[in-house]
Amino acid sequence: MSELDRMRNPNEGAGAVAVLLYITVGLFLWGLHLTIVYAAHTAICALAAAPAAATVTIAAVTVLLALPLAAILFNQRRFARLLGIGETVTEPRIYDAISFFVNLLSLVGILWSGLAVAMLSSCILAR
């Protein structure tokens with residue numbers, strides 16, 4: 001493939017959906033974390049369950065979603081290849097940098113909201 005062909009088809013070999021998923025996987029996991037944590041916490045407290053159940057649930061969800069995101073951060077190129085994003089994509093280093101910073105921000109967001117387990121009591125009355 002010539003340089004001109006690469007300029008005409010910059011994302012040949014990787015679909016736009018794969019590149020978008022590669023860049024935003026951390027945001028999806030962060031949003032999933034917030035959705036599960038708030039829904040589970042509300043449901044557990046509304047059912048008058050023990051506050052320890054809410055604490056354990058939030059901690060478990062935080063760990064279960066932070067670990068895959070950390071694995072993606074440490075193996076970014078492998079995750080890109082898994083999605084079909086190879087070296088044929090124009091400027092893969094830019095995509096890698098964007099994905100790294102978005103995923104790092106998402107990991108910090110997941111850990112920050114999960115940190116509430118250690119700082120706040122669950123199911124406090126009169127909220």
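A residue is called buried when its relative accessible area is under 20%, exposed when it is over 50%, and partly exposed in between (1.4 Å probe, protein chains only). Keep that at hand for the exercises below.

The model is predicted, with local features needing pLDDT of at least 70 and side-chain atom pairs pLDDT 80 or more, while totals for chains, interfaces and linings use all residues. Residues are numbered from 1 along each chain as its sequence is written, and side-chain values use heavy atoms, leaving out hydrogens and water.

**Exercise 1: the overall fold**

Describe the secondary structure of the protein and how much of the protein is buried.

Step 1. Helices (H or I, at least four residues) and strands (E, at least two) are DSSP runs, numbered from the N terminus. The protein has 6 helices and 0 strands, so the order of elements, defined this way, reads α-α-α-α-α-α from the N terminus on.

Step 2. Of the 127 residues, 32% count as buried.

Step 3. Now look at contacts, meaning heavy atoms within 4.5 Å. Among those between residues at least 6 apart in sequence, 82% join residues at least 24 apart.

**Exercise 2: a charged pair**

Which residue forms a salt bridge with Asp96, and is Asp96 buried or exposed?

Step 1. A salt bridge is a side-chain nitrogen of Lys or Arg within 4 Å of a carboxyl oxygen of Asp or Glu. By this rule the count is 1.

Step 2. The partner of Asp96 is Arg77, with the closest N and O atoms 3.0 Å apart. The pair links distant parts of the chain: Asp96 is in helix α5 (residues 92-114) and Arg77 in helix α4 (residues 76-82), 19 residues apart. Side chains of opposite charge can pair when their charged atoms come close.

Step 3. Asp96 counts as buried because its relative accessibility is 15%. Arg77, at 23%, is partly exposed.

Step 4. Leaving aside neighbours within four places in sequence, Asp96 is in contact with Tyr22, Gln76 and Arg77.

**Exercise 3: a nonpolar patch**

Which residues make the nonpolar surface patch, and is Phe101 buried or exposed?

Step 1. Patches are made of residues with over 30% relative accessible area and no salt bridge; like charges are joined within 9 Å, and nonpolar side chains (Val, Leu, Ile, Met, Phe, Trp, Tyr) within 5 Å. Accessible areas come from the Shrake-Rupley method with a 1.4 Å probe, and for residues only the protein chains shown count as cover.

Step 2. Phe100, Phe101, Leu104 and Val108 make a patch of about 360 Å².

Step 3. Phe101 lies in helix α5, and Phe101 counts as exposed because its relative accessibility is 57%.
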